[in-house]
Amino acid sequence: MVHLLELAVTFIERLENHLETIRNIPHLDENLKKMSKALAQMDILVTETEELAENILKWQEQQKEVSSCIPKILAEENYLHKHDAIMPSLPFTSEVHIQTVNAK
C-alpha cells in the first residue's frame, strides 16, 4: 500500500509537470514573437550605439584639431600685440560699466 501511494504521488507530480508544459505551448508562439521583437529592438540599439561611437570618435578628432590650433592662434595674437596691430580698447566699455554702476 505504501509503495502504491508513493507511485501515485510520483505520477501526480509528473502529471502536473506535463500539464504545465502543455499549458505553456499556446504561449510559445507569443513568447517567440516577443523574443523576436526584443531582438529587433536590440539590433536597432546596437546600430545606434555604433553610430554614436563613430560620432564620438569624429568629435575627438575635431577636438584634437582645435586643440592643436590654439597655440598657433595664441602665438599669432602675441605677435599682433607686439606689433600694435590689434585695435585699442573700445571706449564704450567703460561707459557701459559706469551705466551699470549708476543703475544699481
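Of the 104 residues in the protein chain, 0% count as buried. Buried means under 20% relative accessible area, exposed means over 50%, and partly exposed lies in between (1.4 Å probe, protein chains only). This is a predicted model: local features need pLDDT of at least 70, side-chain atom pairs count only at pLDDT 80 or more, and totals for chains, interfaces and linings use all residues. Residues are numbered from 1 along each chain as its sequence is written, and side-chain values use heavy atoms, with hydrogens and water left out.

**Overall build**

- The protein chain has two helices and zero strands. Both terms refer to DSSP runs, numbered from the N terminus: helices are H or I with at least four residues, strands are E with at least two.
- Helix α1 covers residues 2-82.
- The accessible surface of the chain is about 10200 Å². Carbon and sulfur atoms contribute 64% of that surface. Areas come from the Shrake-Rupley method with a 1.4 Å probe; for residues, only the protein chains shown count as cover.

**Surface patches**

- Patch residues have over 30% relative accessible area and no salt bridge. Like charges are joined within 9 Å, and nonpolar side chains (Val, Leu, Ile, Met, Phe, Trp, Tyr) within 5 Å.
- Phe 11, Ile 12, Leu 15, Leu 19, Ile 22 and Ile 25 make a nonpolar surface patch of about 580 Å².
- Leu 19, one of these residues, sits in helix α1. Its relative accessible area is 37%, so Leu 19 is partly exposed.
- A negative surface patch is built from Asp 43, Glu 48, Glu 50, Glu 51 and Glu 54. For charge, Asp and Glu count as negative and Lys and Arg as positive; His and the chain ends are not counted. Each charge is placed at NZ of Lys, CZ of Arg, CG of Asp or CD of Glu.
- Glu 48, from the negative patch, also belongs to helix α1. Glu 48 counts as partly exposed because its relative accessibility is 44%.

**Salt bridges**

- Side chains of opposite charge can pair when their charged atoms come close.
- The whole structure holds four salt bridges. The cut-off is a side-chain nitrogen of Lys or Arg within 4 Å of a carboxyl oxygen of Asp or Glu.
- Arg 23 pairs with Glu 20 at 3.1 Å, N to O. Both lie in helix α1, three residues apart, about one turn of the helix. Glu 20 is partly exposed at 39% relative accessible area.
- Lys 33 bridges to Asp 29, with the closest N and O atoms 3.7 Å apart. These two residues of helix α1 are four residues apart, again about one turn. Lys 33 is exposed at 56%, whereas Asp 29 is partly exposed at 46%.
- Glu 61 and Lys 64 meet in a salt bridge of 3.6 Å, N to O. They are three residues apart in helix α1, so about one helical turn separates them. Glu 61 is partly exposed at 42%, while Lys 64 is exposed at 53%.
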